[in-house]
Amino acid sequence: MSRVPGPLVRFLLVALLVAAVAAPLVDAQGVIKLGNLVDLTGPTSDQGKDIAQGRTDAVQYLNERGGVNGKKLELVSVEYGFQPPRAVAAYKKFVEEDKVLLVLGYGTPDTEALRPYITKDKVPYLSGSYSGHLTDPRQTPYNFPGGIDYTSQIRIFFNYVKETWKDGSRAPRVAFIYADNAYGRAPIESGRAYAKEVGVDLVDEEIIPTVLTDATSQLLTMKKKDPDFAYINTNTQWVPVVLKDSYKLGLKTKYVVNNYGLDERTPGLAGPAAEGVIGIQDVAYWGDSVPGMKTLMEFHQKHHPNDVHASPYMRGWLWVIVAAEAIKRAGPTATGESVKNALESFKEFDTWGITPPFTYTNEDHRPTNRARFVMIQNAKIVPMREVSVDRSMKWIGK
Amino acid sequence: MKCGGFRTSYRADERIFDTAVPIVGLVILMAVLAVVPRFATTYWLDVLNRIGIAVIGALGLNILVGYTGQISIGQAAFLAVGAYATAILEANLGLPFYLAIPLAALITSGFGLIFGIPSLRLRGLYLAIATLAAHFITTFVIVHWESMTKGVLGLMVPPALVAGVPLDSDARVFYLIFALVVPAILVTKNLFRTRVGRAFIAIRDRDVAASVMGVNLLRYKLLAFVISSFYAGVAGGLMAHHSRILFPDAFSLLVAIDYLAMIIIGGMGSILGSIFGAVFMTLLPEVLKLTATSLTGVYPQAFGLIASTRDVVFGLAVIFFLMYEPQGLARIWTRIRSYWQLWPYAY
Amino acid sequence: MNEQLVFMLQLVITGIAVGSVYSLMALGFVLIFKASAVVNFGPGELLLFGAYVSWAAILHLKLPLYVALPVTLLAAILLGLVIERGVLRPLIGYPIISVIMVTFGFASVIRGVLNMSWGSDTRPFPVLFSPEPFRLGPVPVSPVHLWSFVTIMVLLAAFSLFFRYSKTGMAMRATADNQQVAQSLGISVKWVFALSWCIASVVSTLAGIILGSVRGGVDFSLADLGLKVFPVVILGGLDSVAGAIIGGVLIGVLENLSGGYLDPLVGGGVKEVAPFVALVLILMVRPHGFFGKVEIERV
C-alpha cells in the first residue's frame with residue numbers, strides 16, 4: 001500500500017532542492033571567508049551555542065564597521081555535533097570549495113585529528129581546543145590554541161597545591177577526574193610527569209564518561225585513596241554532577257576545575273555542592289568590568305537582549321577579534337601563510353581586556369601563561385587572584 | 001518492448017542482464033567514474049567517496065536485513081571492526097592494503113559469525129536488541145583496548161600504496177573505492193541467482209517453511225551474517241583509507257541507524273534500493289549544510305536554528321518513507337520507469 | 001572488614017537509587033509494549049521532552065509548581081496522542097523493522113524540534129529537591145533519588161492493581177494478547193493504544209523531571225540514557241511492570257558494583273558497558289526475562 005505524497009510535501013521538497021542548488025551561485029565579491037566549526041547538538045552543545053553566537057556577533061560587529069582591510073568577513077559555518085569525521089569533511093570543504101583564509105576550530109578530538117592536514121594546506125587554525133599538543137610550532141606550525149593551554153593549567157593546579165600545602169610530614173595527595181575523550185585526556189600525561197617533578201603524590205585517577213549522570217562509584221573509589229586535592233578536566237555540563245555527588249558523599253577533597261569546566265552557570269547548576277570550589281578563569285565572565293565588555297553588552301542589547309550569555313560567548317568574540325587582527329596585519333593580499341606569520345607577531349596583544357594579552361611567537365604558540373583563580377562562595381563566583389606559570393619550553397607540545 | 005520474462009533457452013535464463021541496455025549503461029558509468037576525479041573538487045570527491053563506501057555497507061546490510069529478514073543494529077560495530085582491523089594490520093604488521101582489507105573483512109566476517117549466533121534463537125525484536133547490546137560492547141572494547149586502537153585519541157592510518165603511489169588524496173582513494181563498488185554490486189546481483197541467495201529469501205519469507213523445504217536454517221542464517229559483515233568489513237577498510245584517522249565516534253549508534261535508514265528509504269531487498277538509499281542518506285546532510293550555509297550568509301542569526309533541522313529532516317524523511325512508500329526509492333524508480341515504458345497505457 | 005562492607009553497601013544503595021530512575025524509564029517502555037506490542041527505540045527523547053517542558057514551564061514561563069506540573073503532564077499526554085495517532089496508527093500491521101525505524105524517526109524529530117525551540121545550552125533545572133543528603137545508616141542518599149524510589153514503588157503498586165483489576169487495564173492486556181479478539185469483544189483498540197502512549201509519555205516525563213533534578217541541568221545528553229532501558233526490560237521482561245521496576249533497580253546496582261570494583265582495574269567505562277553484557281547473557285539464557293511471558297519462538 002503506498003500513497004503518493006500530497007502536493008504540499010512535493011512543493012517543499014522542490015523548494016528545498018532549488019534553494020540548495022541556487023545557493024552556491026550567490027557569491028559575493030570582496031569577502032574574507034572564515035571556516036567556522038561548532039557543536040550545537042552534541043555533548044558540548046551548551047558551550048557551542050554561546051560560542052557560535054559570540055562568533056556570529058563579533059563578525060557582524062566588525063562588518064558594521066567596514067570589515068577588515070576593506071572587505072567584509074564571512075563565516076562559513078558547519079555544525080558538526082562534536083563528531084570528528086564530520087569535522088574532517090567540513091574542513092575539506094572549507095579549504096577546497098570555500099577557500100577560507102583561516103579556520104575557527106572547536107574541539108580537541110577534531111583539531112588534533114586535522115593537524116597533518118592543516119600543516120599541509122597551510123591554513124591557520126585558531127581552535128577552541130587549548131590542548132598542549134597544539135602548542136609546538138615545530139610540530140603544528142599552523143595550530144593556534146585560543147587560550148591558555150590545558151597543560152599550563154594543570155601545572156598551575158600543582159603549583160597551587162604546593163603553595164597551600166602546610167603539612168610538612170607528608171606530600172599532598174592529589175587525584176585527577178577527567179572525561180573519557182581526547183579533550184579530557186589532553187593534559188593528563190604531562191600532569192603525571194609534573195606531579196613527579198614537584199613532588200606531589202598522584203594517588204588516583206578517575207575516568208568519567210563524556211556524558212555523565214552519576215559519579216558516585218568513581219568518587220567512592222577515589223575516597224578510598226583520600227586525596228587532599230583533585231583536578232577536574234571536563235565540561236561545565238558535567239562538573240556539577242561530580243560536585244553534587246561528592247557533596248552527597250561528604251568528601252573533603254578540594255577541587256580545582258579547568259577553564260572549560262567552571263563558569264557563571266556552575267553555581268546555579270551545582271548549588272551548595274559548589275561552595276569552595278576553585279576554577280581557572282581564562283576569559284572574562286559576562287558583565288566583568290573589562291574594556292571590551294561594554295561593546296559586547298551593547299551589541300547584545302541591540303540584537304538579542306533576551307538571551308542569557310556565559311563565558312563561552314566571550315570566547316566566541318575573542319577568537320574573531322584575534323583572527324581579524326591577524327588578517328589586518330597580513331594586509332590586503334593575505335594568504336594562509338602570511339596570516340600565520342601575522343599571528344606569530346602578536347606581542348602582548350590586547351584582546352579588549354577579555355583575556356590577558358596574547359603573545360604568539362614562532363617558537364611558542366601558547367597565547368598566554370596567565371589566568372585567574374576564582375572561587376565559588378555563597379553561590380557566586382568570586383575572583384581570587386591572578387596566577388601564572390612559567391613559559392618553560394620543556395612543556396611545549398605536550 | 002519487453003513484457004514479462006520471456007526466455008527461450010537455459011543460457012538466456014542464466015544471464016544477469018536480459019538486454020544489452022544495462023551493460024551499456026554500466027560501461028558508460030565506469031567511463032564517467034574514471035574521469036570524474038579530474039574535474040570534481042575535493043569536496044565533491046569526498047562526498048562521492050562516502051557514497052561509495054555507503055553503497056558497499058548498505059548492500060551488505062540489505063543482504064542481511066532486506067533479503068534474509070534478520071534485524072541487525074550492529075552495522076556500525078562491523079564497520080568499526082573492519083576499519084580498525086585494516087588500520088592495525090597495515091600500521092602494525094605493515095601489510096599492503098590489498099592484503100589488509102580482505103583480511104580485515106575476513107576478521108569482520110568472523111565477528112559477524114559470533115553476532116549471528118543469537119539469531120538462531122532470537123527473532124525480530126529480540127535480535128535487534130541483542131545486536132544493540134553487541135554494538136555497545138564492541139564500542140567499549142575499541143575505546144579501551146588502547147594499546148591496539150589508541151582509543152579516543154585516534155588511530156592514524158598510513159596511506160595505501162599502489163605501485164609506490166600513496167593514495168593520500170580523495171581523488172586517488174576514489175579509484176580504490178569505486179574499484180570495489182562495482183564488483184560489490186555485481187557480486188550481490190549474482191548472489192541472488194544462486195541457491196544461497198534464494199535460501200536467504202526463503203528464510204525471510206517464512207523460515208519454518210524454508211526449513212521444511214530443506215534449507216538448513218543454522219547454516220544459512222549464519223552465512224547471511226558472515227557475508228553481510230564481509231561487505232561491512234570492506235566498507236570499514238575503505239573508511240580507514242578515506243579518512244586516514246579513526247575515532248570510535250565515527251562508529252556510533254547513529255551510524256548504524258543511518259545505514260538502516262538507507263536500506264529502508266532506498267528499498268529493502270533491492271540492490272538498486274541499497275544504492276539509492278546510500279546516495280540519499282549521504283547527500284541529505286550535505287544539502288542541508290549547503291542550505292544552512294547560504295541562508296546564514298544572508299541571515300547570520302539563523303545559524304543555530306538551521307543546524308538542528310538535520311535531526312528533524314532525517315526523522316521526517318524516515319517516517320515519510322515508511323508511511324507512504326515502504327518499499328522505498330527503488331519502488332518509486334520502478335514506477336517511474338514503467339510509467340515511462342508503458343505510456344500512454346496505464347499498465 | 002567493615003570498610004569494605006560499607007563501600008559495597010554504599011554502592012548497592014546508590015545503585016538502588018539510580019536504578020529507580022531506570023525503572024521509571026523502563027515502565028514507560030513496558031506500558032507501550034504491553035498494550036500495543038510496539039517497541040519504542042527512542043525512549044530517551046521522551047525523557048528529554050519531559051525534562052524540557054517542565055523546565056520551560058517552571059523557569060521560562062515562571063508558572064508556580066502546582067500549575068507547572070499538570071501543564072507538563074498535559075503536554076506529555078498530548079505528545080503521546082500525537083505519536084500514536086500521527087505515526088503509529090498508520091503503521092499497524094507493518095513489519096517490525098518499520099516500526100522500529102519509525103520510533104527512531106520521531107525520536108529524531110522530537111530532538112530536533114526541542115533544539116530549535118529552546119536551543120542546546122544547558123539550562124539549570126529548577127531545584128525541586130533539597131541537595132542535603134539523607135542518611136541511611138552509614139550511606140548518604142540524595143533526596144531526589146529517595147523520591148524517585150518512592151515514586152516507582154507507588155507506581156508499581158498502582159499499575160499492578162490497574163492491570164489486574166480495572167476494566168481498562170484488562171482491556172489493555174487483552175489488546176496486547178490478541179488485537180482482533182479484543183476488538184470483537186467490543187474493546188476499542190484505538191483508545192487502548194492512545195491510552196498506553198499517553199501513560200508512557202507521562203511516566204517518561206516524570207523520569208525526565210527526576211533526571212533533570214539529579215543532573216542539575218537539562219541538556220541533550222539526557223537522551224543517551226534512554227538506551228539503558230533495554231538491559232532493564234530484557235532483564236525484567238518486555239511486558240512486565242514488576243519486571244521493569246525490579247529490573248531497573250537490579251541494573252542500577254549492577255552498574256555501580258561493576259563501577260566500584262571493575263572500573264579501577266580497566267580504567268573506566270565498565271560501568272557503562274556492564275548492563276549490556278548482562279543483556280546479552282540474559283538473552284542467551286532466558287530471553288523473556290525473569291518476569292515476562294514466555295513467547296519467544298525457538299528455531
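**Close-up views of a predicted model**

View 1. Seven of the eight residues of strand β2 (residues 72–79) of chain A are buried, leaving the strand mostly covered (buried: 20 or more other C-beta atoms within 10 Å of the residue's own, C-beta atoms being placed from the backbone; strands are DSSP runs of E of at least two residues, and helices runs of H or I of at least four, numbered from the N terminus). The model is predicted: local features need pLDDT of at least 70 and side-chain atom pairs count only at pLDDT 80 or more, whereas totals for chains, interfaces and linings use all residues. Residues are numbered from 1 along each chain as its sequence is written, and chains are lettered from A in the order in which they are written. Strand β1 (residues 31–38) of chain A pairs with β2(A) in the parallel sense over eight bridges (pairing requires at least two DSSP bridges). A:Leu37 stands opposite A:Val78 of β2(A).

**View 2. Helix α6 of chain B.** Helix α6 (residues 124–144) of chain B has 21 residues, which at 1.5 Å a residue should span 30 Å (1.5 Å times one less than the number of residues). Its end C-alpha atoms are 31 Å apart, in agreement. Because 17 of the 21 residues of α6(B) are buried, the helix is largely enclosed by the rest of the structure.

**View 3. Contact between chains B and C.** In this view, 40 residues of chain B are in contact with 39 residues of chain C (contact: C-beta atoms, placed from the backbone, within 7 Å). On the side of chain B that touches chain C, α6(B) gives the largest share, 14 residues.

Conventions
A residue is buried if 20 or more other C-beta atoms lie within 10 Å of its own, exposed if 12 or fewer, and partly exposed in between; C-beta atoms are placed from the backbone. Two residues are in contact if their C-beta atoms, placed from the backbone, lie within 7 Å.
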